[in-house]
Amino acid sequence: MIDPFNNIPPKPDYSKNKYWISKPPLLTKEVDTFYVYPSVYVTKDRSKAFTDVNDDVVLAAKKCLKLQASVYEDDTNIFSPFYRQISPYIGFEYIRQGREALVNEVVVNDVIASFKYYMENLNNGRPFILAGHSQGTTLLLRMLEESFSNKPKWQENMIAAYLIGYGVPLNTVDKYPFLKFAKGELDTGGIISFNTVAPAFKEPKYDILAGEKPFVINPINWKTDESHASSIENKGTLLRNGYFTPGLADAKIDKSTNLLHCSTMKPDEFPQGFDFLPYGSFHTMDYGFYYGNIKENVGKRINKFLNKNV
């Protein structure tokens with residue numbers, strides 16, 4: 001059997017611009033966002049398990065900037081590193097085999113290295129937001145766990161961590177006391193996370209992307225209880241074709257699973273493109289369904305952190 005770790009692309013050199021999906025030449029904002037894109041490389045070919053910076057997949061990563069990271073662009077300078085992403089099919093296989101350390105040596109270390117380079121050479125003391133989705137969220141969580149514990153200044157300058165689309169276990173803040181979960185729409189320094197599914201979602205234990213019971217906050221009303229936020233309160237949904245309209249998606253937390261239920265959108269109209277995602281998952285629309293509310297919330301948290309009027 002082919003071992004994908006016999007064909008790993010060269011390690012990125014983050015001093016070179018080609019290893020950044022986004023690196024603004026002119027900084028116009030007081031705050032940065034460090035964004036790690038989700039799985040955009042999907043193959044079952046074990047001989048090509050990892051992406052290379054020369055792959056066309058870079059174009060797919062840039063599309064994620066438009067559909068997801070653009071929620072941060074009005075208020076922040078967006079930095080997004082290229083990383084040697086592993087296809088989720090092969091990554092999950094290695095995790096199931098207990099060989100996660102092999103994946104971490106490549107993928108996690110790229111994100112850790114890129115963030116270290118960013119903080120030491122590009123950030124210049126500005127407050128920042130961490131943002132990711134799916135595989136990007138898992139990598140940021142690992143980076144937080146491994147890189148922040150002895151960096152008090154980094155902790156102080158983190159406005160928020162939008163770790164969306166992959167479960168952040170509830171015991172995370174017990175293991176890493178310097179981390180905390182957001183409790184509302186204005187608190188800073190905390191983790192914001194949710195995984196969106198339809199009420200018809202029938203996965204017996206949480207979500208394949210949530211693992212154990214995760215933290216969840218409602219991205220419309222920014223509460224952590226089971227209060228229903230109607231679609232009328234939705235500031236705007238961004239669809240895959242770029243169409244933006246308010247009032248489409250509602251949101252309600254299911255406390256039995258800590259998944260976010262959206263009852264106003266139909267699963268059949270949002271195929272996920274991954275056969276390991278169960279019917280009823282809205283995984284690829286976590287940002288899109290609540291785009292307008294996330295965008296508004298980013299500005300509010302920044303203003304609170306900078307002691308501006310909110």
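Modeller: The model is a predicted one. The pairing to which β3 belongs here is with β1: the two strands run antiparallel and are joined by two bridges.

β3 also pairs with β2. Strand β2 (residues 31-36) and strand β3 (residues 76-81) lie parallel to each other, with four bridges between them. Within this pairing, Thr 76 in β3 is the bridge partner of Val 31. The chain gets from β2 to β3 by way of α1, and this β-α-β crossover is right-handed.

Helix α1 (residues 57-67) packs on the sheet and touches β1, β2 and β3. The direction of α1 makes about 35° with that of β1. Helix α4 (residues 135-147) packs on the sheet as well, where its contacts are with β2, β4 (128-133) and β5 (158-164). The angle between the direction of α4 and that of β4 is about 135°.

As for cover, six of the six residues of β3 are buried. In a regular strand, side chains alternate between the two faces of the sheet. In β3, Thr 76, Ile 78 and Ser 80 are on one side, with Asn 77, Phe 79 and Pro 81 on the other, and both faces are covered.

The sheet as a whole is open and has six strands, in the order β1-β3-β2-β4-β5-β6, with mixed pairing. Its edge strands are β1 (20-22) and β6 (190-192), each of which pairs on one side only. From one strand to the next the twist averages 20°.

In soluble globular proteins, nonpolar side chains tend to be buried together. The largest nonpolar core here has 89 residues, and the members that touch the most others are Phe 115, Leu 130, Tyr 162, Tyr 290 and Ile 294. Helix α3 (residues 100-122) supplies the largest share of this core, ten residues. Leaving aside residues up to four places away in sequence, Tyr 162 has contacts that include Tyr 72, Leu 130, Ile 192, Tyr 287, Ile 294 and Arg 301. There is also a second, separate core of five residues, among them Tyr 89, Phe 92, Phe 276 and Leu 277.

To return to the strand in question, β3 has β1 antiparallel to it and β2 parallel to it, and both of its faces are covered.

Key. Residues numbered from 1 in each chain as written. Predicted model: local features only at pLDDT ≥ 70, side-chain atom pairs only at ≥ 80, totals over all residues. Heavy atoms only, no water. Pairing = 2+ DSSP bridges. Axes fitted to C-alpha atoms, helices over the stretch in contact; angles between N-to-C directions. Contact = heavy atoms within 4.5 Å. Core = buried A, V, L, I, M, F, W, Y, C linked by side-chain atoms within 4.5 Å. Buried < 20%, exposed > 50% of the residue type's maximum accessible area, 1.4 Å probe, protein only. Right-handed = clockwise from strand over helix to strand, strands pointing away.
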